[in-house]
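Here are some notes for a first look at this entry. Please keep the structure open while reading them.

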Amino acid sequence: MMFERRVTRSVNVGGVQVGAGAPISVQSMTTTKTADVEGTLEQIYALASSGAEIVRCTCNEVEAAEGLARIVPRSPVPIVADVHFQYRLALAALDAGVACLRLNPGNIRKEQHIKAVASEARDRSVPIRIGVNAGSLDPDIEEKYGMTAAALVESAKRELNYFEDVGFEDVKISVKASDVRLMVDAYRLLADAVDFPLHLGVTEAGPPPGGILKATAGIATLLNEGIGDTIRYSLTADPVEEAKAGRQLLEALGLRERSSLDLIACPSCGRAEVDVISIAAMAQEALSELDLPIQVAVMGCVVNGPGEAKGADLGIAAGRQRGHLFVRGQVVKVVPETQMVDSLVEWAQKIVSDGVEGALAAADKSAEAEAEADRAALLEEQGEDANRSDAIVEMIRKR
Ligand code: SF4
């Protein structure tokens, strides 16, 4: 674990532990009508296979609660019911057997209603997420504190007090905003005030790629400070993109083990011997179909590529119309340029089936020498200054 995590209580969401040092979990939310049981289950399965470990479904009408009763027993992951305005739908979702509720304190405001739900959840040992949202804050809190981090935290605390009055503390909390700075400040403030596990998200982040950037700015900043126990990207996109983004972020930060392909590629420069962008895109497409949990590098030249990407499980670098395939920095085969992508796929499968050691043992004995000859020839042709930087500097000086 790279970051020291904030110490929190533990909440059990249908078998997925959240908080108290458990792996940070990825959440997403279905976009189907919950009453459409088959359509919703299809999306839940797609989300689960893309990395979502907890899935939320709206419970906005009685038909949705009835749908949940049919979805919950068939779902591969725990289901959270998202409830706004109508506390009776929260009670109905509990009847349906959901693993967790999400309540919005901004729109279920009557004390007796909140306590009725918390009491029922307590009796059934079902946790609740207090889901504060800057866009739907309790008006009297907004009036008193303005649209500030303190207002978001105050809303969560007020809900907590109602819960504590009925002896219910099985809680996780979110204080989301679409403004990244506000969201970050609110979570920091909340993390100092309570020890409940926190669900991170930038709400209404928007469509990718801007939405992914905004959500990552907020979520990653907090995760790097050890804050956050479960995350959700709120994207205006197929929710599968949310699950993938969440998973990728956790893997990129070293907070979860790699479970899928991580394709890295150089940005290309004057030394590039191939069109790195199109080769990387072809490799991404071909390898994504296999969904192998390895890091693969596509590098534009053999002069710097294998060295710069020596940490990758597998890589290929271009030079003199050939591709140098390397495993953890060691060249294992030299192939014609037209076979670069096919060879990557073949060796990726070899690594997954035989391991890195097995792939290295299968290396072509003459590959290292062939690769070194290509490299030396290119250096000879291009010199050290393939980008012509020295020549350009000279030209500038003469002006
Ligand atoms: S030096 Fe080679 S590996 Fe590095 S960016 Fe340029 S082409 Fe890519």
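**Notes on the model**

1. Start with one pair of residues. Val298 has Ile316 of β13 as its bridge partner. The strands behind that pairing are β12, residues 295-299, and β13, residues 314-319. They run parallel to each other and share 4 bridges. Keep in mind that this is a predicted model.

2. Now widen the view to the sheet. It is open and has 5 strands, in the order β11-β12-β13-β14-β15. The pairing is mixed. From one strand to the next, the twist averages 20°.

3. A helix belongs in this picture too. Helix α12 covers residues 340-361. It lies across β12, β13, β14 (322-327) and β15. Its direction makes an angle of about 20° with β14.

4. Step back to the whole protein. Domain 1 spans 11-252, and domain 2 spans 262-382. Over C-alpha atoms, the centres of domain 1 and domain 2 are 42 Å apart.

5. Next, the ligand. Which residues surround it? Cys266, Pro267, Ser268, Cys269, Arg271 and Ala272 are among them. Met299, Gly300, Cys301, Asn304, Gly305 and Glu308 also belong to the surroundings. By type, the shell holds 6 nonpolar, 4 polar and 2 charged residues.

6. Some backbone details deserve a check. Most residues other than glycine have a negative phi, and most peptide bonds are trans.

7. Take Gln321 first. This residue sits in the loop between β13 and β14. Its phi is positive, at about 60°, although Gln321 is not a glycine. Is Gln321 buried or exposed? It is exposed, because 11 other C-beta atoms lie within 10 Å and the cut-off for exposed is 12 or fewer.

8. Then look at Arg328, in the loop between β14 and β15. Here phi is near 45°, again a positive value in a residue other than glycine. Arg328 has 19 other C-beta atoms within 10 Å, so it counts as partly exposed. A buried residue would need 20 or more.

9. Last, the peptide bond between Pro208 and Pro209. This bond is cis, with omega at about 0°. Pro209 lies in the loop between β9 (199-200) and α8 (210-224).

Note on methods: Residues numbered from 1 in each chain as written. Predicted model: local features only at pLDDT ≥ 70, side-chain atom pairs only at ≥ 80, totals over all residues. Domains from an automatic or database assignment. Pairing = 2+ DSSP bridges. Helix = DSSP H or I, 4+ residues; strand = E, 2+ residues; numbered from the N terminus. Axes fitted to C-alpha atoms, helices over the stretch in contact; angles between N-to-C directions. Contact = placed C-beta atoms within 7 Å. Near = placed C-beta within 6 Å. Nonpolar A, V, L, I, M, F, W, Y, C, P; charged D, E, K, R; others polar.
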